[in-house]
Amino acid sequence: MTYTHLRDRSFYEGIYDRTTVMSGRIDQEYFERAYHEFFRILPDEPKDSDRATLYLNLFYVVFVGNDLLDRYDMRSKRVDEMMAQDKAKDAQIATARLTNEPVCRHCGKTGLRITGKMLHHKDSLGEPEEVLFTLTCPHCKKNTACWYDGSQLERHKTYCPKCKAEMIEKDTRKEKLLTTTYTCPACGHTYKDRLDLTVKEREADSDFERDRMIYCLHDEKARQELRDGKSRYEGMAQLGREWKEKEDNKHIYDAVAALKKLKITELSTTLAPELEKADYIEFSLDRPEIGRDVTIGFSCLDSKPSRDDYDSTKILKKTISTTLEDTNWRLMSDGIHYRLGYLSGRLRAYEQEDELIKLISKHSRMRSHHQNGGNI
Ligand SMILES: [Zn+2]
Ligand SMILES: [Zn+2]
């Protein structure tokens with residue numbers, strides 16, 4: 001009984017495309033913000049003027065198109081990499097051999113029979129997985145799990161918070177609720193921990209196939225149009241620098257720059273590596289909530305089993321605050337929640353009010369330029 005990791009290619013393409021759709025939708029929301037901002041600054045601009053078309057196309061490329069093209073161009077390579085990783089896992093399992101004769105953990109006899117192999121983290125979730133053998137004892141018929149060198153899978157131990165003796169654990173399950181009762185054999189201290197095993201139904205994503213077509217650029221014509229847009233934009237960036245020097249259009253660039261600062265992909269690439277250094281892994285962001293402010297939930301796992309909830313929360317808080325110091329993102333005051341090594345919280349983007357005020361005050365100046373025939 002060895003389970004294999006490698007699946008067919010379409011499985012990995014599905015994973016990749018789901019991420020593309022998710023980030024494409026987020027980018028699209030940012031583009032729409034830029035769109036509204038443009039007409040807030042220029043309320044009298046006709047929606048189909050040359051200037052509006054030019055700017056809105058530019059915004060689309062900057063906020064959405066560039067990322068989509070990058071993800072399209074990387075797709076095949078990333079799918080190959082994911083497949084290679086799973087192939088390597090299968091090879092790791094297939095070639096694993098026991099180097100020492102394991103002993104039955106129940107009766108102490110040898111001659112156990114291998115019934116399965118799987119990959120498992122040995123000490124820390126941050127380290128690569130190792131092959132764990134499951135074996136059955138021919139004498140007592142019970143199971144033992146061990147690593148390649150015959151050493152047994154260590155059970156996670158809990159110690160009494162009062163007297164430090166090892167607690168006795170007992171699990172009871174009532175439908176989807178798992179209750180673990182910890183009892184101290186030395187001082188009698190006891191407490192319960194409850195875990196809700198209800199699997200949250202993934203919301204049916206009825207727009208997925210439609211959005212996959214849009215964001216994954218599976219349509220060749222749409223893809224080519226976007227590439228053309230991108231090369232036009234690259235030419236425009238040069239023009240933009242000239243315009244910017246004239247100050248005529250600076251406010252529009254400022255507005256876009258302020259919005260672009262909020263981009264969530266950047267938030268993730270800034271935080272994840274810093275958190276990993278502090279032993280928090282699998283950092284992920286939820287869907288942003290865009291209202292007056294932008295807020296976004298996040299979660300990660302503590303990969304250091306020795307850290308308790310107090311230290312884990314404190315260190316995570318400090319790491320996030322230090323990392324985000326120079327950005328316009330802050331940890332929200334509702335704090336960090338900790339549950340069995342799983343941490344979650346929320347971040348909020350502060351849009352710089354003074355920048356918005358600047359935009360409004362430039363509005364009148366820009367209008368006079370416009371009337372003087374300052375056409376883009
Ligand atoms: Zn045995
Ligand atoms: Zn105790």
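Helix α3 is followed by Leu 217, which has a positive phi, near 55°. Helices (H or I, at least four residues) and strands (E, at least two) are DSSP runs, numbered from the N terminus. The structure is a predicted model: local features need pLDDT of at least 70, side-chain atom pairs count only at pLDDT 80 or more, and totals for chains, interfaces and linings use all residues. Residues are numbered from 1 along each chain as its sequence is written, chains are lettered from A and ligands numbered from 1 in the order in which they are written, and side-chain values use heavy atoms, with hydrogens and water left out.

Helix α3 itself spans residues 208-215. Phe 208, Asp 211, Arg 212 and Tyr 215 are buried there. Buried means under 20% relative accessible area, exposed over 50%, and partly exposed in between (1.4 Å probe, protein chains only). The arc is that of the directions from the helix axis to the C-beta atoms. Exposed Glu 209 and Arg 210 lie on the face turned away from the buried side of α3. The buried residues of α3 pack against α1 (9-41) and α2. Contact means heavy atoms within 4.5 Å.

Helix α7 covers residues 309-324. Its 16 residues reach 22 Å from first C-alpha to last, close to the 22 Å expected at 1.5 Å a residue. The expected span is 1.5 Å times one less than the number of residues. Ser 312, Thr 313, Leu 316, Thr 319, Ile 320, Thr 323 and Leu 324 are the buried residues of α7. They cover an arc of only 135° around the axis, which puts them on the same side of α7. Tyr 310 and Lys 318 are exposed on the face turned away from that buried side.

The largest nonpolar core holds 47 residues. Such a core is a set of buried Ala, Val, Leu, Ile, Met, Phe, Trp, Tyr and Cys residues joined through side-chain atoms within 4.5 Å. Phe 59, Phe 298, Leu 316, Ile 320 and Leu 347 touch the most other members. Helix α2 supplies the largest share of this core, 11 residues. Beyond its neighbours within four places in sequence, Leu 316 is in contact with Leu 275, Tyr 280, Phe 298, Cys 300, Ile 336 and Leu 343. A second, separate core has 10 residues, including Ile 93, Cys 104, Leu 119 and Phe 133.

Cys 104 (SG) also coordinates the zinc ion (ligand 1), together with Cys 107 (SG), Cys 137 (SG) and Cys 140 (SG), at 2.2 to 2.3 Å. Donors are N, O and S atoms within 2.8 Å of the metal (3.2 Å for Na, K and Ca); water is not among the atoms, so sites may look incomplete. The four donors of ligand 1 subtend angles of 104 to 121°, which makes the arrangement tetrahedral. Four donors count as tetrahedral if all angles lie between 85 and 135 degrees. Their spacing along the chain is C-x2-C-x29-C-x2-C. Cys 107 is partly exposed at 33% relative accessibility, and Cys 140 is partly exposed at 25%.

The zinc ion (ligand 2) is coordinated by Cys 160 (SG), Cys 163 (SG), Cys 184 (SG) and Cys 187 (SG), at 2.2 to 2.4 Å. This site is tetrahedral, with angles of 101 to 119° among the four donor atoms. Its donors follow the spacing C-x2-C-x20-C-x2-C. Cys 184 is buried, at 3% relative accessible area, whereas Cys 187 is partly exposed at 42%.

Terms used. Four donors count as tetrahedral if all angles lie between 85 and 135 degrees; four count as square planar and six as octahedral if opposite donors are over 155 degrees apart and all others between 65 and 115; anything else is irregular.
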